[in-house]
Amino acid sequence: MKQDPEIFAIIQKERERQTKGIELIASENFVSDQVLQAMGSVLTNKYAEGYPGHRYYGGCEVVDLAEDLARNRLKQIYNAEYVNVQPHSGAQANMAVFMACLKAGDTFMGLNLSHGGHLSHGSAVNFSGLMFRAIDYSLNEQTGRVDYDELEQKARAERPKLIIAGASAYSREWDYARIRKVADEIGAIFMVDMAHPAGLIAAGLLDNPLKYAHIVTSTTHKTLRGPRGGVILMGKDFANPWGKTTPKGEVKMMSALLDSAVFPGTQGGPLEHVIAAKAVAFGEALQPEFKTYQQQVKKNAAVMAQAFMDLGYKIISGGTDNHSMLVDLRTKYPDLTGKVAEHALVAADITTNKNMVPFDTRSAFQTSGLRFGTPAITTRGLKEDKMPWIVELIDTVLQAPESETNIAKVREVVNQEMNQYPLFAW
């Protein structure tokens, strides 16, 4: 069959874009060639509604093996008793938890979205904010860290049924034990969305939230370096705390509630080719080289954050414990918006994203900040000695973000350097 010239030309363009630039979006990474191969495999042809051993279609005995392999590897990585590898995304994993734990209109608590929280943790335009009553906790304005005193006070006053820890733009470790303590006090479920630091946690470089949380969700495509998708985990299964029973009067276990919330509750047939790619990525995460990689991710982030501060930029919380950092542009370029800065940097083949900072004076469409992360550039092979160089290039662009000549010079330097760090074997 003749190759589709239009779409494959677009794919080639995207391949070139990824190859020639510096990728600093904290939620992006580059998968291995075998992850790509698994995603493009014949497993995409198989419909497999249900779970291994309990499918609604025949002919699933082979994909059952792949899904079981993914589940067993994920359990091994995080010391989990229960996992579900079917969610198509982190947001859908979160939706399944909400479906299993809450009724429409119930109150839950998550990190303020303008302080680094995630869309699915209470945005008014997301299912979480549309179907449930969302209250939030914030960062301390002086420290840039979670205000646990406020979290505890609000939790005791509002008594949410679910408390979420996790963020899309927060660079510090979480005090999971403290949140679990207040959750137990008020009878709430404690959920952790570890989508961003999942790879660092897998490598043992950050605390494992499964020791504290009732339920943990994650994506598989950020620091975990797998295909785009989501997962749900529990360190230990437990009975539904609201005492809902089966027709036979039996209390339902949370594992059964979560499984049914994923399928048929929020999605249909699983993407078995993506699940196979997840299995590959989980296998990679179990190798000694993965810890070495994550150590470099963390080291690169720390050096990059310091390089920004050395040039007069403000890093929210004054540094990073993980792979990411949030830069407040106002201390150095008070008139420069994140939107303009992002556009200029992308034109220079340095990819990042605009981001609100805590107590921002601008809207989410303009922002006063930029979010940076090191997973993708670390996958490319860049070490900490290159981090100050990258920050200097960024600063060069931001000094004159409207100058096409200035941007073109930086882009040429970026392209020449990244040519030394090849991507993709096929």
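The exercises below treat helix packing, pockets and cavities in one predicted model.

Residues are numbered from 1 along each chain as its sequence is written, and side-chain values use heavy atoms, with hydrogens and water left out. Local features of this predicted model need pLDDT of at least 70 and side-chain atom pairs count only at pLDDT 80 or more, whereas totals for chains, interfaces and linings use all residues.

**Exercise 1.** Describe how helix H12 packs against helix H14, and which residues meet.

Step 1. Two packed helices are described by the angle between their axes and the distance between the axes. Axes are lines fitted to C-alpha atoms, for helices over the stretch in contact, and angles run from 0 to 180 degrees between N-to-C directions. Helices (H or I, at least four residues) and strands (E, at least two) are DSSP runs numbered from the N terminus.

Step 2. H12 spans residues 338-347 and H14 spans residues 387-399, and the two pack at an angle of about 120° with their axes 9 Å apart. That angle makes H12 oblique to H14, because angles under 35 degrees count as roughly parallel, over 145 as roughly antiparallel, 65 to 115 as roughly perpendicular and the rest as oblique.

Step 3. The crossing of H12 and H14 is right-handed, a term for the near helix being turned clockwise from the far one by less than a right angle, with anticlockwise giving left-handed.

Step 4. Ala341, Ala344 and Leu345 of H12 meet Ile394, Val397 and Leu398 of H14, where contact means heavy atoms within 4.5 Å. By class, this contact has six nonpolar, no polar and no charged residues; Ala, Val, Leu, Ile, Met, Phe, Trp, Tyr, Cys and Pro count as nonpolar, Asp, Glu, Lys and Arg as charged, and the others, Gly among them, as polar.

**Exercise 2.** Carry out the description for helices H4 and H9.

Step 1. H4 (residues 90-101) and H9 (residues 254-266) pack at an angle of about 120°, with their axes 8 Å apart, and that makes H4 oblique to H9.

Step 2. The crossing of H4 and H9 is right-handed. Residues of H4 including Met95, Val97 and Met99 meet residues of H9 including Leu257, Leu258 and Val262, and the contact divides into eleven nonpolar, three polar and no charged residues.

**Exercise 3.** State what lines the largest pocket and which helix gives the most to its lining.

Step 1. On a 1 Å grid over the protein atoms alone, a cavity is a set of points where a 1.4 Å probe fits but cannot get out, a pocket is an open set with protein on both sides within 12 Å along at least five of seven lines, and lining residues have an atom within 4 Å of a point. Grid points are joined across faces, edges and corners, and a volume is the space filled by probe spheres set on the points.

Step 2. The largest pocket holds about 760 Å³ of space. Its lining has 23 residues, of which Gln18, Val31, Leu36, Met39 and Phe424 lie nearest the centre.

Step 3. Helix H1 gives the most to this lining, with seven residues, and the lining as a whole divides into ten nonpolar, seven polar and six charged residues.

**Exercise 4.** Find how many cavities of 30 Å³ or more there are, and describe the largest.

Step 1. The count comes to three cavities of 30 Å³ or more.

Step 2. The largest cavity has about 140 Å³ of space, and Tyr170, Arg172, Trp174, Pro197 and Asn322 lie nearest its centre among 19 lining residues.
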